[in-house]
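Thanks, everyone, for making the time this morning.

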Amino acid sequence: MASNRDGDPSLGYLTRKDTEVKLPRPTRVKNKTPAPIQITAEQILREARERQEAEIRPPKQKITDSTELSDYRLRKRKEFEDLIRRVRWNISVWIKYAQWEESQKDFNRARSVWERALEVDYRNHTLWLKYAEVEMKNKFINHARNVWDRAVTLLPRVDQLWYKYIHMEEMLGNVAGARQIFERWMGWVPDQQGWLSYIKFELRYNEVERARGIFERFVQCHPKVSAWIRYAKFEMKNGEVARSRNVYERAVEKLADDEEAEMLFVAFAEFEERCKETERARCIYKFALDHIPKGRAEDLYRKFVAFEKQYGDKEGIEDAIVGKRRFQYEDEVRKNPLNYDAWFDYIRLEENVGNKERTREVYERAIANVPPAQEKRYWQRYIYLWINYALYEELDAEDIERTREVYRECLSLIPHEIFSFAKIWLLAAQFEIRQLNLKGARQVLGNAIGKAPKDKIFKKYIEIELQLGNIDRCRKLYEKYLEWSPENCYAWSKYAELERSLSETERARSIFELAIAQPALDMPELLWKAYIDFEISEGEYDRTRELYERLLDRTKHLKVWISCAKFEASAKEEQQLCIQNARRVFEKALNYFRMSAPELKEERAMLLDEWLDMEKSFGQLGDVSLVEPKLPKKLKKRKQIDSEDGLAGYEEYIDYVFPEEAHAHNLKILEKAREWKRQKACIRRRGLVRCFSFVPFCF
């Protein structure tokens, strides 16, 4: 096997392993407890600073005579010129060159460099600033003025140039010159800060009238809320209350519809508040709340509430708080007019305030937002606006005609051919009853039955007529009810119950007969039970048995069999006969489940359990030995669960094995055993025949 040295002869006597970069192996910290002597980060930095080696600097060059100085200057100028030729657009090179010439006190050459740099890029205001600062530093004032004048002429939109120029003149005491520069600057319409600087300049020299004139020009140039507020505060600071109020009033006239008008009104109101003009401030707040859109008046409402809490009475404070909440609700319903919950909250607020006209206005605005689609789910919340409106007019406003009009408008708005609301019809009818207008109530309910019949309407109408004792009207209503909904078992039962309460037994029986003869019923078990209970209460046991037989002809449900057996056991006849009749019913049911429905093993087991319990309840007359031999055995079994992906597992279930099934199962096992024995004997005989057929070959 060749060595690493043979593989790479350039390594000489070293192997590749010797030349590999060996990284330190990461150490594992075994002892993680804190050291007894802790070292701070400050100590580590101090030690690093102390051990740092001294910086190596080039030696200083000493110039001893003018010849060396000329050579040095020539060499440096050549370096700068060569550098400029290479990077002409690099302004920092020009600045360093000019500053070096300045350090050599050769100001003419320095100016020449600055001028050459400005020819390259005169738009760079840094050049102008550096150039002018050099002139000012060396007290060449006229040269500096010249530079500043050229700078602001070429770059009038650079505010820093104007500030520096004005600052120089002001430092020199040339106030008139500084003012003249400000006027030149204002001719270019600068931003607000430029105007404010001019105003502060005049105020430094107590030129209040000049400052006021500048403010007038300022608000004309920048007609913004902040500018007018500054102007008003300026007048207030100088003690000119009337002038300040005049400024605010002019601002309100011009900027009442501005987006920042809220800030103006708040400042105006606070000004009046400081002047102890409480009523003026309150009027300003109210005027602002009426004119500013609700979405932009949040701070205004907060200030108004705080103002009323400080200066107002109880009513004023409540009005302010209500106004703030009113603003919130107005904002919500403006964003989403179909948000009926917001309308409910808004209406509740106005109802608590007690202003009827305002409450009606909000109700009218709310009900005007009709749901966009004619689907009942969209109307279910909306309809309660009408209900609350009607109840408010009746109970709070006590305006009967207006209440009737609200109900009438609501009922005309609902598309009854698509859907309807029974609650509205019933409330309208109950309102007429409270007004002792029985004819009007009947008219409303009659229209309801004609346009949009519903169970609730029929029930309530029948209840009203029944309380009034109008039996004939009740019968007519039940007939209409059943004509509209013949499958309604509740209506049939109640109709028969009404006739029975009137001792009209035959009429009640006829109604039951008509009911069970219907081809379709929604709850037939309820109807049959009512019919059977009716016959039992009348003591007609033969009719009851006949009903059970008719019912069993239609359905063989377990509950029907059990109910029939319990009826036979509880019939008011001879007890022994009742027991025999009950046993006969159980036998018939058991034969049905055994012969006709063998798969219903659980129902059959439940039937036997009921039979056993009944025999026990008979006491000495009972005979549990009739039932016990027929009881099944419970076996717990498993069956597999199939799914789309295949076998999903197994589940346990209870199986019932009845005695006759167990006997048949045992017979099948014996038959299988005999068959297996015959097959085994046959196989043995065939084996013997084969053995004898091979005997000659064995010898």
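What you see is a predicted model, in which local features need pLDDT of at least 70 and side-chain atom pairs count only at pLDDT 80 or more, while totals for chains, interfaces and linings use all residues. Residues are numbered from 1 along each chain as its sequence is written, and side-chain values use heavy atoms, with hydrogens and water left out.

Let me begin with helix H6, residues 107-120; helices here are DSSP runs of H or I with at least four residues, numbered from the N terminus. Among the buried residues of H6 are Phe-107, Arg-111, Trp-114 and Leu-118, where buried means under 20% relative accessible area with a 1.4 Å probe, protein chains only. The buried residues of H6 pack against H5 (91-103), H7 (125-137) and H8 (141-154), contact meaning heavy atoms within 4.5 Å.

H5 and H6 pack at an angle of about 165°, with their axes 7 Å apart; the axes are lines fitted to C-alpha atoms over the stretch in contact, and angles run from 0 to 180 degrees between N-to-C directions. The two helices are therefore roughly antiparallel, a label used for angles over 145 degrees. On the H5 side the contact includes Trp-94, Ile-95 and Tyr-97, and on the H6 side it includes Ala-110, Val-113 and Arg-116. By class, this contact has 10 nonpolar, no polar and 4 charged residues, with Ala, Val, Leu, Ile, Met, Phe, Trp, Tyr, Cys and Pro counted as nonpolar, Asp, Glu, Lys and Arg as charged, and the others, Gly among them, as polar.

Turning to the second pair, H9 (residues 159-171) and H10 (residues 175-186) pack at about 165°, with their axes 9 Å apart, and they are therefore also roughly antiparallel to each other. Residues including Trp-162 and Ile-166 in H9 meet residues including Phe-182 and Trp-185 in H10, and the residues of this contact divide into 8 nonpolar, no polar and 4 charged.

Finally, is Arg-360 buried or exposed? At 12% relative accessibility, Arg-360 counts as buried. Arg-360 lies in helix H20, residues 356-367, and, leaving aside residues up to four places away in sequence, touches Tyr-389, Tyr-392, Glu-393, Ala-397, Asp-399 and Arg-402.

Notes: Buried means under 20% relative accessible area, exposed over 50%, partly exposed in between (1.4 Å probe, protein chains only). Angles under 35 degrees count as roughly parallel, over 145 as roughly antiparallel, 65 to 115 as roughly perpendicular and the rest as oblique. The expected span of a helix is 1.5 Å times one less than its number of residues.
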